Amino acid sequence: MSKEVKAAIVSSIITGIFSFIIFMAEKDTIEEKTVEILAEYFESVEINMSYEQGLKLVYEDYRKLEYENVKLQNEVNMLKGQINIDEENRTTIENAKVFANLNEYAKALEILNGVNNKTSEMELLIREYSQEYELYIIEQINILLENEELDEANVLVKEALKIISNSQVLKNKQQEIEKAYPKYMTDIVPAYQSGGNTYTEYTLSKGGGAEYFTMGGVKYIYGMTFSADVNIFADVSWAVYNLDKQYNTLEFIVCHVDGTDLGNQTELQIFYDGVLQEEVILNPDMAPKSVSLDVSGVGQLKMQVYPSGNSGPLYGLRNTILR
């Protein structure tokens with residue numbers, strides 16, 4: 001290698017060394033200046049700290065600040081959400097009050113009950129409107145009961161119980177309505193024994209409506225018939241029923257059964273616990289006769305019809321209702 005080439009290489013190396021020394025000197029100066037500036041803006045940084053220490057503290061302060069910003073933003077979002085909920089609740093309450101002022105308590109309760117997280121004001125309004133609605137429904141039901149519109153009353157109380165299902169007052173009223181429905185004797189206390197001439201009972205649950213008898217040109221699927229046939233094999237047609245002192249009145253309409261033998265005049269006898277209580281005169285050309293009996297405290301009821309014709313005349317009691 002020539003002296004000239006060696007000299008050039010050594011010169012390059014020396015120049016690089018001096019550049020590095022200058023760079024490192026400038027670097028130390030820059031880092032010191034940076035620490036001085038950071039110390040002016042960050043309380044955690046001190047001027048005599050190293051460059052690395054200063055940057056570390058600044059980074060930690062930044063992370064804390066970032067965390068606080070996120071926390072603050074979350075709080076702001078929560079506050080906005082609560083404001084929205086409060087506004088929705090206020091709108092809901094106002095809507096419910098509008099319907100309540102129109103006495104449409106069912107709609108008002110529907111609106112309030114549709115809220116999952118109810119406020120104390122909502123709970124208070126629900127109790128108030130439930131009481132008002134309950135009073136209104138009871139008043140309407142009483143009117144329907146007075147007019148004997150039992151089906152309408154039953155529908156009304158069932159709909160009301162869907163809205164205020166815990167109302168014991170309405171549940172009691174529902175039982176009252178059920179008790180007011182006609183209870184056909186052939187359904188609830190059919191004869192437990194009968195004898196003599198033929199005795200037949202008719203009921204929807206038994207014959208499905210296919211079996212019936214006719215009086216005054218009208219078909220009936222509820223009731224009973226007594227045969228008043230005169231023959232050598234039987235005599236009085238009779239039946240006994242166990243009322244078990246559970247009922248107050250017995251109502252029915254008695255008449256000659258269409259299309260059967262006319263026969264002569266006879267009578268329907270009614271016994272309370274073995275004692276003759278009532279006698280109803282029966283004629284083949286009679287008009288339907290309404291009978292209402294007080295059966296309060298009666299345990300056993302017996303009814304019988306005496307023979308009146310040779311070809312099987314029948315007398316029927318239709319729609320025998322116990323209350």
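## Exposure and the model

A residue counts as exposed when its relative accessible area is over 50%, as buried when that area is under 20%, and as partly exposed in between. Glutamate 148 has a relative accessible area of 67%, so this residue is exposed. The structure described here is a predicted model.

## The chain as a whole

The chain holds eight helices and 13 strands. Of its 323 residues, 31% are buried. The chain exposes about 20,200 Å², and 53% of that comes from carbon and sulfur atoms.

Contacts can also be sorted by how far apart the partners lie along the sequence. Among contacts with a separation of 6 or more, 68% join residues 24 or more positions apart.

## Helices 4 and 5

Two packed helices are described by the angle between their axes and the distance between the axes. Helix 4 spans residues 120-146 and helix 5 spans residues 150-163. The axes of these two helices come within 8 Å and cross at roughly 170°. Angles over 145 degrees count as roughly antiparallel, so helix 4 is roughly antiparallel to helix 5.

On the side of helix 4, the contact is formed by Tyr133, Ile137, Gln140, Ile141, Leu144 and Leu145. Helix 5 contributes Leu150, Glu152, Ala153, Leu156, Val157, Ala160 and Ile163. By class, the contact of helix 4 with helix 5 has 11 nonpolar residues, one polar and one charged.

## Helices 5 and 6

Helix 6 covers residues 168-180, and its axis comes within 10 Å of the axis of helix 5, with a crossing of roughly 160°. Helix 5 and helix 6 are therefore roughly antiparallel to each other. Their crossing is left-handed.

From helix 5, Leu150, Ala153, Asn154, Val157, Lys158, Ala160 and Leu161 take part in the contact. They meet Leu170, Lys171, Gln174, Ile177, Glu178 and Ala180 of helix 6. The contact of helix 5 with helix 6 is made up of eight nonpolar, two polar and three charged residues.

## Helices 4 and 6

Helix 4 also packs against helix 6, at an angle of about 10° and with the axes 11 Å apart. Angles under 35 degrees count as roughly parallel, so helix 4 is roughly parallel to helix 6. Helix 4 brings Glu134, Ile137, Ile138, Ile141, Asn142 and Leu145 to this contact, and helix 6 brings Val169, Leu170, Lys173, Glu176 and Ile177. Seven of these residues are nonpolar, one is polar and three are charged.

Glutamate 134 is part of helix 4. With a relative accessibility of 18%, this residue counts as buried. Leaving aside residues up to four places away in sequence, glutamate 134 touches Ile164, Ser167, Val169 and Leu170. The C-alpha atoms of glutamate 134 and leucine 161 are separated by 9.4 Å, while the two residues are 27 apart along the chain.

## Residues with positive phi

Most residues other than glycine have a negative phi. Glutamate 148 is not a glycine, yet has a positive phi of about 60°. This residue is found in the loop between helix 4 and helix 5.

Asparagine 319 also has a positive phi, near 50°. Asparagine 319 lies in strand 13, which runs over residues 314-322. Its relative accessible area is 25%, so asparagine 319 is partly exposed.

## Two loop residues

Asparagine 197 sits in the loop between strand 2 (193-195) and strand 3 (199-202). At 5% relative accessibility, asparagine 197 counts as buried. Beyond residues up to four places away in sequence, asparagine 197 touches Ser227, Ala228, Asp229, Asn231, Ala234, Asp235, Val236, Ser237 and Pro307.

Proline 288 is in the loop between strand 10 (275-282) and strand 11 (289-294). Its relative accessibility is 44%, and proline 288 counts as partly exposed. Not counting residues up to four places away in sequence, proline 288 touches Ile253, Val254, Cys255 and Arg318. Proline 288 and phenylalanine 252 are 36 residues apart along the chain, and their C-alpha atoms are separated by 9.9 Å.

Technical notes:
Residues are numbered from 1 along each chain as its sequence is written. This is a predicted model: local features need pLDDT of at least 70, side-chain atom pairs count only at pLDDT 80 or more; totals for chains, interfaces and linings use all residues. Side-chain values use heavy atoms; hydrogens and water are left out. Helices (H or I, at least four residues) and strands (E, at least two) are DSSP runs, numbered from the N terminus. Buried means under 20% relative accessible area, exposed over 50%, partly exposed in between (1.4 Å probe, protein chains only). Contact means heavy atoms within 4.5 Å. Accessible areas come from the Shrake-Rupley method with a 1.4 Å probe; for residues, only the protein chains shown count as cover. Axes are lines fitted to C-alpha atoms, for helices over the stretch in contact, and angles run from 0 to 180 degrees between N-to-C directions. Angles under 35 degrees count as roughly parallel, over 145 as roughly antiparallel, 65 to 115 as roughly perpendicular and the rest as oblique. A crossing is left-handed if the near helix is turned anticlockwise from the far one by less than a right angle, and right-handed if clockwise. Ala, Val, Leu, Ile, Met, Phe, Trp, Tyr, Cys and Pro count as nonpolar, Asp, Glu, Lys and Arg as charged, and the others, Gly among them, as polar.
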